[in-house]
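User: I have a structure open and want to learn how to read it. Where do we begin?
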Amino acid sequence: MNVDIQMDPKRRSRAKVRTGRHIEDIKQDLAENLLYVIGKPLITTTPYDCYMAVAHTVRNRVLKQWVDSVESFFLRKIKAVCYFSAEFLTGPHLANNLINMDLYDTMKKAVREFGMDLDALIDLESEPGLGNGGLGRLAACYMESLATLGVPAIGYGIRYEFGIFNQQIRDGWQVELTDKWLRLGNPWEIARPERIYGVKLGGHTEHYKDIAGRHCVRWVPGRMVLGMAYDTPILGYRVKAASMLRLWKAESPESFDFEDFNRGDYYGAVEDKVTAENLSKVLYPNDEQLQGKRLRLEQQYFFVSCSLQNLIEMHLLKEKNLYNFHEGFAAQLNDTHPAVAVAELMRLLMDEHQMTWEDAWHITQNTFSYTNHTLLPEALEKWSLPLFASILPRHLEIIYEINHRFLHEIIQLNRENPVDLEPLSLIDESGEKFVRMANLAVVGSHAVNGVAALHTELLKKYTMRHFDELFPGKFTNKTNGVTLRRWVVLSNPRLTALITSRIGDAWIMHAEELRKLEAFVEDAEFLKQWRKVKLDDKQEQAHYILQQTGVEVDPASLFDVQVKRIHEYKRQHLNVLHIIALYNRLKKNPKSAVPPRTFIFGGKAAPGYFMAKLIIKLIHCVADVVNGDLAVQNRLKVVFIPNFNVKVAQRIYPIADLSEQISTAGLEASGTGNMKFSFNGALTIGTLDGANVEIREEVGEENFFLFGRTADEINALKASGYYPYDHYHACPELREAIDLIVSGHFSGGDTDLFRPLTDALFFQDKYFLFADFPSYIECQDKVGRAWKDKDRWTRMSILNVARMGKFSSDRSIREYCADIWGIDQTLLTP
C-alpha cells in the first residue's frame, strides 16, 4: 500500500477534518487515524488496520449526527421508542453507514489514493453476532427505519461476547465453532463505564411497614451483577438523525478476591467475575438442561432490568417525577424474551420509587406493547415456578398479584357469562406449574400485534383467542418490513442503478415509488438491461460459490434458493425431495423438459436440534450424488453455502431467480427473507403462510407460484386423521424419491443414516410434506415452463419489485407510530 500520512500543511480545522464530507477532509482524517488511532509504523500496518482507520474516519462523522440527535431529544418534549429485543442482527456497519451518509463513492476515491480497495476493506469487517435470524434482523431494520423517519429510539439488548456460532461443514455435518466477533475490537461501539446498574438475582423478600404504615417489600438478593452500557449509533438514510443501540455487558461488583487468592484458592479469587460475566457471554445458551434454562432467564432479566433503570434515570433528567413516564417512552417487547419487563417496571416503581400499585400498573400498561412472533403454543416461553422463584422471588410475588387482580376483574366483568379462566391465567397449573410469559406480556401491555395479516388472524382465532374475545381491538396487525437501504441499495448496486436511472431515487425512502417501474414492463431494452443485471450478479457470485463449496455453477441456470434457519416446519427436506424427483426424471429420460437449475441452500440448525442437522447432512449427501453424476451435471447442481449470516445474505438475495418460501401453512409468523428476495427481483414459490399471503396479493397471483394446503385445510386434515402412508403410496414420484433415500443411495449404502428422518415422515409427518408434495411438484413444473419464456419471466420479476412497496420497514414503523406508540406523525421525516 502506498500510504502517505503526511499532514496537510494548512492544518485544516479539527472539526472540519473530523466531520467534513469533502474528500480532502476525509483523506486528512484517514491519515491521522492511521497514525494516532492505529498507532503502528507503516511497515507493520495490516489490511485490518486500514479497515479500522477507515471505520474510525466514518465513525467521526456518525458521532456528530448521533450526539446532535441525543441533544435534540433532551431539549424537546418528545416521546422516544424503546425496542426491547434479545437479538439485534445488525450486520456489518461500515458499508451501510457510508450508504446512509451518501459517502460511499467519496470514501472509495479517498482510500484509493492511499493504495487501498474499499470493497476489500469492507469485506474484512466482522459481523456482530447479536442475533439468530429473523427476529434480530427485524429489530435491526426497525432501528434503521426509526432513525430514517426521525423518531428518537433506543434499542436495548445484550452485548454478547460470543454470538450465534460460526457454522462449518465437515463431511456434510454442521459443526459449531465459537463466534469471536469481538476478537479484533469493535470500532462502532462506545463503552460507557459510567453507565452501570446493579441487577439483583436470587435471595428472598422481606415485607414490612414504613413509617407511614404503608406496606413495603425489600428484596434481599443472593448475588448482584453489574450491567455496563455499550452504545452503537444507527444512522438513518440521508437524514441528520441517528438511533442508539444500547447493549449491556455483565460484570461482577468485585472482579478479584484477594482473600481467596492469598489462601491459594486461585479459581475462587475470580469465581464471582466468571459467574457474572457468563450472563453476556453467549447468545441463547443451550437450554435443554436446567443450567441452560437458568442462564437464559437470568440473561433476559439482566438486560431488562438495566434498560428500565436507565430509562427511569433518563426520564428524571427531563421530568420531576415518574408519573408521566409512559408519556416519555413507548417500550416495545420483541417477542416474550423481554416480557419480564412488565414485572420489573412494577417492582422499580413500587419498591424503589414508592408508587401505589394502581399508579404503577397504569404506567406499566401504558408503557409496554408486545409483538408476538409465534403461533405454536409450545414455543410460547414459560418458566417453571421453582426456577423462576429461585432467580426472581420478588417478581413472582408481583406476577401472582397481577394474576389475582386480573382474574378477579375478569370474573367481575363477566358474572352473567362466566369465562374459562385457565387459558387466561399467568400461571399454567395443568401439571407442573409454569409462569406463562406471553400471557404476562399481553396483560401488561396496552397493545398486542402480530407480524402478518394471516399470523394475526390465526393468533386471534387460536393462540390468543380467549384474550381477543375479552379485549376486542387490543390485537392488531403490523406486517413486517425490511429496509431497502441494506437489502437493495447496498446489496444490489447494479439493480439500484438501473431502477434509479428510470424512476429517480425517491423510492429508496418511499418504496411506493417503485410502482413507476410498471411503465417499463413492455420496454424491450429495459427487459434486456434487467436480465443483464441479474446475470452479472450471478456471474460475480458464482466465483464466491466455487470458493465456498468447491462446486462450479452455471450463472445462466435458474438459481433456486432457500436460505433460512434450518427447521422441519420450514421444510428444506421438501425442497430436497423435489431435487431427487428431478434427478430421477433425468436418469430415466435425459431429454426430460427440465431446464438447468442450481439449487442453493443456506442456514444454521440449532445446536441441539438433531433432525435439522440431519436435514443439512441429507442436502450434502444428495448434492454429492447429483453433482458427481455426469448424466445430470449440466442440468442440476446443488450447493450449501456455509455460515449463512447478513454478509452472506447480501450476496445471495440479489442472485436468486426463485425464492423458496415453502413452510407449512399457518406456522410461519411472517418471514422477512421472502421480502428481501422479492425486492431483488426473485419470483416466489410458496404456500399461503405468513407474509406470503400479502406478497401474493400485492404482486398479483399471476406473478406468484402458489402451492399447498391452506392453514384451514391443514387443520381439517389433522382433525379428520392424517395418514402419511396413504399419500406416499398415492404419488409415484414421492414414493420413488423416498425409496431412494431409504435404500441408502445417497448415503453410501447406509440404510440407517436417514432413518430418523424418513420414519418421522412415514409415521407422523408433522409438517405435511407428503400431503403437499404433489402440489409442490406440479407448481415447480410451472416454474420450469415460465423460466423458458425469458420475457415473461423478466416481466414477472419487474412487477414483483414494482409492487413490493408495502413491505418497506419504513411503512411498518409509520404504522407502529400511529397506532401503538402514539408518536406525533407531524414530527416524522416526510
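Analyst: This is a predicted model. Let us begin with two helices. The axes of helix α21 (residues 524-549) and helix α32 (residues 790-802) come within 10 Å and cross at roughly 80°.

User: Which residues of α21 and α32 meet?

Analyst: From α21 come Phe-526, Leu-527, Trp-530 and Arg-531. Among their partners in α32 are Lys-790, Asp-791, Thr-794 and Ile-798. The contact of α21 with α32 holds five nonpolar, two polar and four charged residues.

User: Now the strands. How do I read a strand such as β9, and is it mostly covered or mostly exposed?

Analyst: First the general idea. In a regular strand, side chains alternate between the two faces of the sheet. Now the case here. Strand β9 spans residues 242-251 and is mostly covered. Nine of its ten residues are buried.

User: Which way does β2 run beside β9, parallel or antiparallel?

Analyst: Strand β2 (residues 153-158) pairs with β9 in the parallel sense, over five bridges. Look for Gly-157, which stands opposite Leu-247 in β9.

User: How many bridges join β8 to β9?

Analyst: Ten bridges join them, and strand β8 (residues 223-235) runs antiparallel to β9. Here Asp-231 stands opposite Arg-246 in β9.

User: What lies between the strands in the hairpin of β8 and β9?

Analyst: Six residues lie between the strands. In this hairpin, Arg-238 takes a positive phi near 50°.

User: Next, aromatic rings. How many aromatic pairs are there?

Analyst: Rings pair if their centres lie within 6.5 Å. By this rule the count comes to 30 aromatic pairs.

User: Why is the pair of Trp-219 and Tyr-301 called tilted?

Analyst: Check distance, then angle. The ring centres of Trp-219 and Tyr-301 are 6.2 Å apart and the planes lie at 50°, so the pair is tilted. The pair links distant parts of the chain. Trp-219 sits in strand β7 (residues 215-220) and Tyr-301 in helix α10 (residues 290-318), 82 residues apart. Both Trp-219 and Tyr-301 are buried.

User: What about Phe-325 and Phe-329: how far apart are their ring centres?

Analyst: The centres of Phe-325 and Phe-329 are 5.4 Å apart. Their planes are at 45°, so this pair is tilted. Phe-325 and Phe-329 are both buried.

User: Which residues do ring pairs link into a cluster?

Analyst: Find Phe-84, Tyr-156, Tyr-197, Trp-248 and Phe-368. Ring pairs link them into a cluster.

Terms used
Residues numbered from 1 in each chain as written. Predicted model: local features only at pLDDT ≥ 70, side-chain atom pairs only at ≥ 80, totals over all residues. Heavy atoms only, no water. Buried < 20%, exposed > 50% of the residue type's maximum accessible area, 1.4 Å probe, protein only. Helix = DSSP H or I, 4+ residues; strand = E, 2+ residues; numbered from the N terminus. Pairing = 2+ DSSP bridges. Axes fitted to C-alpha atoms, helices over the stretch in contact; angles between N-to-C directions. Contact = heavy atoms within 4.5 Å. Nonpolar A, V, L, I, M, F, W, Y, C, P; charged D, E, K, R; others polar. Phe/Tyr/Trp six-rings, centres within 6.5 Å; stacked < 30°, edge-to-face > 60°.
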